[in-house]
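Let's take a walk through the aromatic side chains of this protein. Have the model open beside you as we go.

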Amino acid sequence: MWRDFAYVAKCARTSSSKIAVQGWRWRRLMEFGAWVYRCRAVLPVAWAFSITGITAGFLIMVVVASANAYTCDLLLRQAFATGCMDFETLGLAVGGRAWRLTTEISIVVLLLGTITGSIAQVGEAGAIGLTSIWPNTPGALINGSGRLLMVLATAVVIWPLCLVSRLRQLEYAGMVGTVIVLWLVGVTVVEASINDLPAVRDGEFAAVGLSSIGLVSQAVSVFGFAFYIQPVIMPLLEEMPAGQLGVKLTSYSTRVVVLVNSFVIYGLTGFFGAAMYGTSTESNILVNQWLGGGVAQGILNLSMTFYLAMALPMLEFPTRHTIDGWIPERWATNKRLRHLVVMTTIVVFCLVIAVAWPASSGYILVVTGATGVCMVSYIIPVVNHLLLYYSRSKIQKLRKMENERDPESKQFQLIVYRKERKPGTIWYIVEVLREIFLPVLVLAVGIFCSVASLTTL
């Protein structure tokens, strides 16, 4: 991280003042934008803690957060080496058309599942918020875990925000969402502390609370869902400064978001939420009672409902970015109309599923974490890495063939992905551990936990 920071500082000194200021603005955008994208997963983490215990909960958090930060760095390294600044083009360059389609389907499945689960959370939190403030709220408004609220939030907040054409236009919405999330964290920490951590005191939330591998795997899936950020960093990379500066800025911001901001938010909310309610912790923490219920909880829940709705355009953008590639240009020459049609289709599709299966956000997110997250966060980055490391990717083979056909022209620059190794046995072992063993370990653990989670639901 500090090497990246030094590099950015060097770029700021050697570039014009305008470019330097823009560079810092881009970094701030990444931090705010990615944080609001990530922390909309704050609601199920307390439940994940409650089924694993204190020690295992934090250990799983460390492992999953580190694995996601690591695979983000792998993706950025791959993007810089190949010059492919989005997931789809990178998949084509590394594995050809079949691998690109696999990548695209994985991203769409992941993001559609996340949007659906988030809309369901909007209904759950909103329904409880309204009944807390107005106990006589009409049943039509809150029945079915807030079905009508899902529709209203989608029409009034989610759909209009999804009309923006670039992610950086959501920067200020991200700052508002940050304040709301910090309020939830403060309420959770203060109330659990005032009540002397009842679940910890009674032994219900134990230091080691593991009961089955299935529950642990489900917790891993929830944390995997909470920490994944890979789909959004690739579209954002296209809006960053070109070259190594943009990659370094993105890498630095990703580490800050995943390993600092999100980790602290999830750790505090997860531990103190589970310490308050123990085994009674709901998969949506806002379903539990906070602030004594009543008007105070109603305001908190409605604020979080608004925040969840504001965060959804950060999910819709990369979904639309991928689906756009499936539509031939000749079918939609009007970009604004294309944007409107694709965006509306995505939002309405997810809304219909959420309305059809209300009160199921926890299961939706577990399944999403065990399928889409596994593919996008672990399998795809690691497979890409190994193909590029062993020079087996499509683009490396193609450029090598072109240069061998006409060696004098050297028209196509060979892609060098392997980092230069210092001489000596120790450095060879370090390279093997870093470039082969660690990626394969991340891949194996991700697949195992996903399979275990799906087979024990």
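A residue is called buried when its relative accessible area is under 20%, exposed when that value is over 50%, and partly exposed in between. Keep in mind that this is a predicted model.

Phe58 itself is partly exposed, because its relative accessible area is 29%.

Now follow Phe58 to another partner, Phe271. Here the ring centres are 6.2 Å apart with the planes at 35 degrees, so the pair is tilted. Phe58 belongs to helix H4 (residues 54-82) and Phe271 to helix H11 (residues 244-277), so this contact ties together parts that are 213 residues apart in sequence. Phe271 has a relative accessible area of 15%, so it counts as buried.

Step back and you can see these rings as part of a cluster: ring pairs link Phe49, Phe58, Phe205, Phe223, Phe271 and Phe272. The count of aromatic pairs comes to 9.

Two arginines are also worth a visit. The charged end of Arg77 sits over the ring of Tyr417, 4.1 Å from the ring's centre. Arg418, in turn, lies over the face of Tyr389, at 4.0 Å from the ring centre.

Terms used: Residues numbered from 1 in each chain as written. Predicted model: local features only at pLDDT ≥ 70, side-chain atom pairs only at ≥ 80, totals over all residues. Heavy atoms only, no water. Phe/Tyr/Trp six-rings, centres within 6.5 Å; stacked < 30°, edge-to-face > 60°. Buried < 20%, exposed > 50% of the residue type's maximum accessible area, 1.4 Å probe, protein only. Helix = DSSP H or I, 4+ residues; strand = E, 2+ residues; numbered from the N terminus. Lys NZ or Arg CZ within 6 Å of the ring centre and 35° of its normal.
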